[in-house]
Amino acid sequence: MNTLIIISLLGVAAMMADAFRFKKILLPLIVAGLIAALGFAVAAWNSNLSYYHEMVLFNNYALAFSSLLIVVTLLWMIISKNYFSSETNMAEHAALILFVLTGAIIMTAFSDLSMFFVGLEILSISLYVLAASNKSELRSNEAGMKYFLMGSFATGFLLFGIALIYGATATFNLAKIASVIEMSAAAGNTPMFVYAGVVLIMVGLLFKVSAAPFHFWAPDVYEGAPTVITAFMATVVKTAAFAAFYRLFSTCFHDLTGFWSHAMAVIAAITMLAGNILAVYQKSLKRMMAYSSIAHAGYMLMAIVAMNKISANAIFMYTAAYSVASMGIFALMQAMTDAGNESVDSLKGLSKNNKGVIVFLSALVFSMAGIPPMAGFFAKYYIFLGAIQSGYQWLTLVAILSSLVGVYYYFRVIFVSLQDNTDGLGHTLNRGQWTLIILSAFISLLIGVIPSLLLTLSL
Amino acid sequence: MNSILQYIPLNYYVALAAIIFAIGVMGVLFRRNAIIIFMCIELMLNAVNMLLTAFSTFHGDESGQVMVFFIMAVAAAEVAVGLAILVMIYNNIRTVDVDELNKLQG
């Protein structure tokens with residue numbers, strides 16, 4: 001809870017920075033605040049406290065995901081320096097980022113559907129503004145508009161689902177809803193409203209996590225938004241969305257697994273196939289990363305489909321591995337945006353201009369593609385293991401085949417970077433981008449070599 | 001409190017809310033003017049509000065009506081942001097037709 005309070009107060013403080021003229025110390029203040037918040041999250045481990053009449057419940061699951069979100073945000077701050085310094089409204093940007101984080105933490109810790117809704121909206125509304133924050137660039141405006149329209153459309157579905165669930169159970173509290181559903185399922189007369197509500201909530205959430213039939217907005221938004229914001233959306237926001245998705249379905253709709261899990265399994269399969277296959281055809285690295293994030297959403301959905309003892313740990317490990325590795329690749333992406341050329345072909349000459357970068361880049365790409373000994377491999381392994389244990393062999397087969405497609409386009413990044421450039425140009429990384437690439441490569445390797453770091457947590 | 005539901009049964013409210021919601025969804029999918037799309041999103045959210053108040057009365061439980069206040073506040077914030085983005089786009093391309101937003105394609 002202290003974590004949540006500190007981060008939201010930091011957000012409010014950031015808004016005041018312009019008026020009270022402490023803009024210069026704002027960034028150090030935010031970093032210090034985030035580290036303090038991380039400390040509180042870690043210190044509260046195993047405390048399992050519930051606040052405000054059971055509105056939020058900080059159990060280990062919530063604390064683990066909150067810590068992950070804060071760590072990824074701290075990593076993200078390394079490349080986002082330009083975004084905060086070169087522009088005039090840095091205080092507002094900092095405040096909005098902190099509000100996104102506030103919403104994300106509420107989404108990991110809610111124990112009431114109204115809190116879930118409020119957290120989701122705090123996150124989404126701030127993100128609409130951030131996606132459109134490059135005011136003079138039409139592509140950024142377009143991204144903001146598309147994100148806004150799709151996001152609020154999805155919110156409508158989600159709310160209608162919540163209203164129907166409320167109609168059937170007369171409560172918003174997750175535990176009470178679960179017990180009402182359990183009783184009615186045992187008696188064999190689950191109300192129609194519950195089924196309709198689950199379907200609508202599922203549609204709303206699948207929109208938000210950009211799963212396959214509802215994924216069309218994601219590539220446009222990811223491409224149009226400023227690169228730092230894309231990096232934030234692909235890592236922090238995705239993690240929060242999946243944390244909320246799993247928390248809601250594992251606590252609330254666990255007894256209806258037979259009803260929704262088959263549909264979800266098919267959606268997961270379509271998502272990973274669509275994401276991986278469409279990514280092959282992309283010329284722009286940013287758009288390729290967007291499709292790759294859709295594919296990863298498919299793998300993470302597998303953990304929700306499986307829904308057994310190891311699923312919570314598996315989804316935590318997967319979001320950690322994926323966020324850290326893609327944060328490193330977005331550091332490279334940022335260098336490309338600074339140079340004004342985002343196509344994969346422009347990576348030629350990268351390894352010549354930046355001695356040694358190819359080693360770290362390969363580590364990150366291996367982690368994304370799921371090759372041992374990197375973190376991505378073990379993350380995929382536990383997701384697949386969970387799916388097999390729950391009897392989804394066909395889904396695991398589809399997942400393995402589609403990740404083979406993934407290997408192709410991830411490795412293209414490496415091969416193009418190794419080529420020599422004929423016209424003497426090529427991207428150069430600045431110090432922050434170097435730091436982030438090295439740091440995230442090391443973290444990926446660390447999680448990969450000692451996976452028990454994350455797997456033995458009792459979530 | 002429950003008396004109103006004796007004259008108009010709960011099912012009528014659910015059906016009306018579903019119809020208004022469906023009109024909103026259709027509007028978002030088929031209209032091309034951004035302002036009309038905003039209105040249709042509001043229509044979807046208001047259908048939900050009506051449904052929540054009806055259920056709240058039916059159950060004799062006030063938490064549904066509190067949720068309506070949350071939704072109203074959030075919808076206001078959302079539209080404020082949406083209109084700001086729309087004004088920005090209008091300043092750049094002098095139209096609010098969403099089909100004109102086609103700079104981002106493969």
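Colleague: What makes Leu51(B) buried or exposed?

Modeller: First, the basis: this is a predicted model, in which local features need pLDDT of at least 70, side-chain atom pairs count only at pLDDT 80 or more, and totals for chains, interfaces and linings use all residues. Residues are numbered from 1 along each chain as its sequence is written, while chains are lettered from A and ligands numbered from 1 in the order in which they are written. A residue is buried if 20 or more other C-beta atoms, placed from the backbone, lie within 10 Å of its own, exposed if 12 or fewer, and partly exposed in between. Leu51(B) has 27 other C-beta atoms within 10 Å, so it is buried.

Colleague: Where is Leu51(B), and which residues does it touch?

Modeller: Leu51(B) sits in helix 3 (residues 34–59) of chain B; helices (H or I, at least four residues) and strands (E, at least two) are DSSP runs, numbered from the N terminus. Contact requires C-beta atoms, placed from the backbone, within 7 Å. Leaving aside residues up to four places away in sequence, Leu51(B) touches Ala163(A), Tyr13(B), Val14(B) and Ala17(B). Val14(B) is 37 residues from Leu51(B) in sequence, yet their C-alpha atoms are 6.2 Å apart.

Colleague: How many residues of each chain take part in the contact, and what kinds are on the side of chain A?

Modeller: Chain A gives 32 residues and chain B gives 31 residues. On the side of chain A that touches chain B, helix 7 of chain A has the largest share, 18 residues. That side divides into 18 nonpolar, 7 polar and 7 charged residues. Here Ala, Val, Leu, Ile, Met, Phe, Trp, Tyr, Cys and Pro count as nonpolar, Asp, Glu, Lys and Arg as charged, and the others, Gly among them, as polar.

Colleague: Why is chain A called as compact as a globular protein of its length?

Modeller: The radius of gyration is taken over C-alpha atoms, and the globule rule is 2.2 Å times the number of residues to the power 0.38. For 459 residues the rule gives 23 Å, and chain A has 21 Å, which is close, so the label applies. Chain A has 20 helices and 2 strands, and 63% of its residues count as buried.

Colleague: Why are helix 3 and helix 14 of chain A called roughly parallel?

Modeller: Axes are lines fitted to C-alpha atoms, for helices over the stretch in contact, and angles run from 0 to 180 degrees between N-to-C directions. Angles under 35 degrees count as roughly parallel, over 145 as roughly antiparallel, 65 to 115 as roughly perpendicular and the rest as oblique. Helix 3 (residues 60–79) and helix 14 (residues 311–339) of chain A pack at about 5°, with axes 10 Å apart. Therefore the two helices of chain A are roughly parallel. Their contact holds 14 nonpolar, 3 polar and no charged residues.

Conventions. Two residues are in contact if their C-beta atoms, placed from the backbone, lie within 7 Å.
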